[in-house]
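Welcome! Let's take a friendly walk through a protein model, from its inside to its surface.

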Amino acid sequence: PSATMSRQGSSGTHIDGLHHPPYSKNPVVRVFQKTARKIGRGIRRMNRSIMHSFSRWNTLKDAPRELWIIYLMKFLSSYSYFSFALCLTIFLTDEFGVGDEEAGWIYGAYGLATTAFGVICGWFIDYMGVKQSLVVGSLLGTAARLFLAISRSKSLVVWTLYTLLPFSECLGVPI
């Protein structure tokens with residue numbers, strides 16, 4: 001018999017070396033017992049899988065410092081992009097009196113411009129290198145967001161949303 005087969009005795013069942021009480025004679029209770037055992041096996045399998053996944057992260061602790069800096073910069077760039085995306089339409093509506101539909105179109109065009117810059121400027125990102133690309137993108141993105149915060153001109157805000165900010169985004173999170 002294999003190690004995974006069960007042995008039935010008067011004291012209960014042994015499956016994979018674990019002790020389980022004997023099944024009840026009541027069919028309804030038996031269904032619940034079998035279901036509980038299956039759930040228990042699933043939880044044990046999931047725990048093994050999670051522990052295996054975490055053990056792979058241990059290889060990153062010996063990674064070069066530059067890799068950690070790159071990951072941090074990419075995380076911060078992504079965080080700023082998605083935080084900004086959440087409040088852009090509200091900002092345009094509250095600060096410049098733009099209607100909801102127009103704010104949605106401006107936001108959509110900003111997203112399209114970010115994607116277009118990412119595709120068009122891919123060669124430039126490769127030419128600059130990852131580190132320089134992230135540094136320049138972060139600095140340019142910070143300057144663009146600061147300009148958006150202090151600007152009172154709708155046309156300059158829209159221009160920044162269609163040029164400067166998408167360019168900084170494509171440098172910060174290359175496609």
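Here is a short briefing on cores, salt bridges and a surface patch.

This is a predicted model, in which local features need pLDDT of at least 70 and side-chain atom pairs count only at pLDDT 80 or more, while totals for chains, interfaces and linings use all residues. Residues are numbered from 1 along each chain as its sequence is written, and side-chain values use heavy atoms, leaving out hydrogens and water.

**Nonpolar cores**

- A nonpolar core is a set of buried Ala, Val, Leu, Ile, Met, Phe, Trp, Tyr and Cys residues joined through side-chain atoms within 4.5 Å. Buried means under 20% relative accessible area, exposed over 50%, and partly exposed in between (1.4 Å probe, protein chains only).
- The largest nonpolar core has 15 residues, and Phe84, Leu92, Tyr110, Leu161 and Leu165 touch the most other members.
- At least two residues of this core come from each of α2 (65-96), α3 (100-120), α5 (130-150) and α6 (154-162). Helices here are DSSP runs (H or I, at least four residues), numbered from the N terminus.
- Helix α2 gives the most to this core, with 5 residues.
- Another core, of 5 residues, lies apart from it; Cys121, Ile125, Cys170 and Leu171 are among its members.

**Salt bridges**

- A salt bridge is a side-chain nitrogen of Lys or Arg within 4 Å of a carboxyl oxygen of Asp or Glu. By this rule, the count is 3 salt bridges.
- Arg152 pairs with Glu95, with the closest N and O atoms 3.0 Å apart. The pair links distant parts of the chain, 57 residues apart: Arg152 is in the loop between α5 and α6, and Glu95 is in helix α2.
- Arg152 is exposed at 58% relative accessibility, while Glu95 is partly exposed at 40%.
- Lys154 and Glu102 form a salt bridge too (2.9 Å, N to O).
- Arg145 and Glu169 meet in a salt bridge at 2.3 Å, N to O. Arg145 lies in helix α5 and Glu169 in helix α7, so the pair ties together parts that are 24 residues apart in sequence.
- Is Glu169 buried or exposed? Glu169 is buried, with a relative accessible area of 4%.

**Surface patch**

- Ile39, Ile43, Met46, Ile50, Met51, Phe54 and Trp57 form a nonpolar patch on the surface, with about 760 Å² of accessible area together.
- Trp57 sits in helix α1 (residues 27-57) and is exposed, with a relative accessible area of 56%.
- Patches are made of residues with over 30% relative accessible area and no salt bridge: like charges are joined within 9 Å, nonpolar side chains (Val, Leu, Ile, Met, Phe, Trp, Tyr) within 5 Å. Accessible areas come from the Shrake-Rupley method with a 1.4 Å probe; for residues, only the protein chains shown count as cover.
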